[in-house]
Amino acid sequence: MDEIRPVDVEPKQSRPPVGDGSQPIYLDHHATTPVDPRVADVVLYAMTGAFGNANSIDHAFGETADALIATASEAVADLAGSAPGDVYFTSGSTEAIRLALAHAISRSRRSPLRVALTSVEHKAVIDAVSIAARTGQVKPRWIEVDTQGCILADSLRTALHAGVDLVCLMAANNEVGTIYPLPEVALRIRESGAAIMVDATQAAGRVPLHARDWGIDYLVVSAHKLYGPKGVGALISPVGNLRTQLPDLIWASEGTPNVPGIAGFGEACRLRCVEMAVDEPRIRALRDRLQSKLTALIPNLAVNGHLSCRLSGNLHVSVPGVPNDAVVARLRKSVAISTGSACASGAHGPSHVLQAMALPEELQEGALRVGVGKFNTEAEIDRAAEEITAAVASVKASLQGAER
Ligand code: PLP
């Protein structure tokens, strides 16, 4: 077999061309991440050098493509703490979540399936469960959180006591960044006999995962959240061959596999495995720098979520009485931050996460989500602090003007 590294592609600088001072500063890494140029090299190689069909393994072209997929499965499994045979490539987390739920429904002897989910799950989970509930396949039950977004032990206990077949929980929240204590919670769920689906879309590549050791039945990850390409992710499950168990479902990866996407995803996971321990403390230091500056510069600024158990790049703040959409609009050309989670329609209503945390209304209305990533620099953080402060001051001034 030929060497499958991208030997014939010019090596790239390790930083993508964003935030160089002439462009807006990108601080929305929960929505998506820039592709690492080293990942892009692998994608390019898979598109041009290893362009064979991984299903046509009668010749070296198909075999090389197939080997890229095998290498990617290993890297994804390594990052998830799983085995390569547990990895099923999908078009992203949304598809993986739907497949996991469909599988849990199909293999259960009970109908409807009793599903408990936390009230701060991503819309992709809430929608999948709601659709299945509408067709009578699922009976949902909510697990409540506290004001920092942490799971309320009593609420989990009550749900498990009432009888649950599947529990859906996140490894880390996509708005306030709260990291959940998966080993302990998973143990409690397993003791109740329920299966576990973990949405690790935000956590993968940022915190260590041990899906097999923790007894997770379904783990969901997405490449574009960890410096990989968009449109590829994985459902990771040790429960047997999902493809043969779900023959009626259409898999995005059915037919000719998306080798460039999968190979890029694998490379992104490999890099996270090697570099996470170095990158994350640096990202945390940048986040803390921004938090200190904003707290010093903006009166009454509140920092939301759990201050120690949160993703290193997450900074979720509220400026009471200052509408978040007006601040984000003023920053449009200078700093990319958001009011909440990325949403397919582009329309933002009140955040169900902040509502579930029972944050006071003025904190919900003034909420800003900042996501720091591995390519950000101190200079960008300092400039972003100034721009955000100026945007908040400008909105406050126009509100005061309107009152007069
Ligand atoms: N789950 C979480 C926690 C997310 O943050 C997202 C994306 O924002 C998704 C699921 C959906 O991921 P994908 O874009 O890969 O479908």
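1. Start with the ligand. Around the ligand sit Gly 92, Ser 93, Thr 94, His 122, Met 170, Asn 174, Asp 199, Thr 201, Gln 202, Ser 222, His 224 and Lys 225. A residue is listed as near if one of its heavy atoms lies within 4 Å of the molecule.

2. A word on the basis. This is a predicted model, in which local features need pLDDT of at least 70, side-chain atom pairs count only at pLDDT 80 or more, and totals for chains, interfaces and linings use all residues. Residues are numbered from 1 along each chain as its sequence is written, and side-chain values use heavy atoms, with hydrogens and water left out.

3. A polar side-chain atom of Thr 94 is 2.6 Å from an oxygen atom of the ligand. For Ser 93, a polar backbone atom lies 2.9 Å from a ligand oxygen. His 224 brings a side-chain N or O atom to 3.0 Å from an oxygen of the ligand.

4. Next, the domains. The assignment gives domain 1 (16-36 + 276-403) and domain 2 (40-270). These bounds come from an automatic or database domain assignment. The C-alpha centres of the two domains lie 27 Å apart.

5. How much area is buried between domain 1 and domain 2? The figure is about 2,700 Å², with carbon and sulfur atoms giving 56%. Buried area here is the accessible area (1.4 Å probe) that two parts lose on being put together, summed over both. On the domain 1 side, Met 276, Leu 311 and Met 357 lose the most area to domain 2, together 21% of what that side buries.

6. Contacts tell more. With contact meaning heavy atoms within 4.5 Å, 33 residues of domain 1 touch 35 residues of domain 2. Across this interface, 16 residue pairs are in polar contact, both residues at pLDDT 80 or more. A polar contact is a pair of N or O atoms within 3.5 Å; within protein, one must be able to donate a hydrogen and the other to accept it, and residues adjacent in sequence count only if both atoms are side-chain atoms.

7. Salt bridges come last. The rule asks for a side-chain nitrogen of Lys or Arg within 4 Å of a carboxyl oxygen of Asp or Glu. It gives 18 salt bridges, but 0 between domain 1 and domain 2. One of the salt bridges joins Arg 38 and Glu 275, whose closest N and O atoms are 2.8 Å apart.
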